[in-house]
Amino acid sequence: MAKAGADNLALMWAAELSNTPVRVHVLDPGPARTEMRLRTHPGAPTASWPTPEALMPAYVALMAATGHPYRGQRVQAREWMEGADHGQAS
């Protein structure tokens, strides 16, 4: 429910701010090698999970003034970084 709420809030704000330079989107990092995730998923295959630092390029690019044209979208950080979503909203 929380993800659906965040998605709907992003859609609403994106619509309200569509005539401004403000872009609103939700960046979903997916599983990452964080302290909390390691505690909540003991025994999970953490080697394939990126570190939080490895995900930062997606955050920085999407927040940049010259960022991608996402508005009100849920962006999957790993897919975006692998090039699946560059330059187009999903």
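**Reading salt bridges and a surface patch**

Q: Is Asp28 buried or exposed?
A: This is a predicted model, and burial here is read from relative accessible area, with under 20% as the cut-off for buried. Asp28 has 14% relative accessibility, so Asp28 counts as buried.

Q: Which residue forms a salt bridge with Asp28?
A: The general idea is to look for a Lys or Arg side-chain nitrogen within 4 Å of a carboxyl oxygen of Asp or Glu. For Asp28 the partner is Arg74, and their closest N and O atoms are 3.2 Å apart. Asp28 sits in strand 1 (residues 25-28) and Arg74 in strand 2, so this pair ties together parts 46 residues apart in sequence.

Q: How many salt bridges does that rule give?
A: The count is 2. Besides the Asp28 pair with Arg74, there's a salt bridge between the side chains of Asp7 and Arg74, at 2.9 Å from N to O. That one also links distant parts of the chain: Asp7 is in helix 1, Arg74 is in strand 2 (residues 73-76), and they're 67 residues apart.

Q: What is the accessibility of Asp7?
A: Asp7 comes out at 24% relative accessibility, so Asp7 counts as partly exposed.

Q: Which residues do the shared partners join into one network?
A: Asp7, Asp28 and Arg74.

Q: Now the surface: which residues form a nonpolar patch?
A: Here you look for nonpolar side chains within 5 Å, each residue having over 30% relative accessible area. Leu9, Met12 and Trp13 make up such a patch, with about 270 Å² of accessible area together.

Q: Where is Trp13, and what is its accessibility?
A: Trp13 belongs to helix 1 (residues 2-16). Its relative accessibility is 41%, so Trp13 counts as partly exposed.

Conventions. Residues numbered from 1 in each chain as written. Predicted model: local features only at pLDDT ≥ 70, side-chain atom pairs only at ≥ 80, totals over all residues. Heavy atoms only, no water. Patch = residues over 30% accessible without salt bridge, like charges linked within 9 Å, V, L, I, M, F, W, Y side chains within 5 Å. Areas by Shrake-Rupley, 256 points an atom, 1.4 Å probe, with all protein chains shown as cover. Helix = DSSP H or I, 4+ residues; strand = E, 2+ residues; numbered from the N terminus. Buried < 20%, exposed > 50% of the residue type's maximum accessible area, 1.4 Å probe, protein only.
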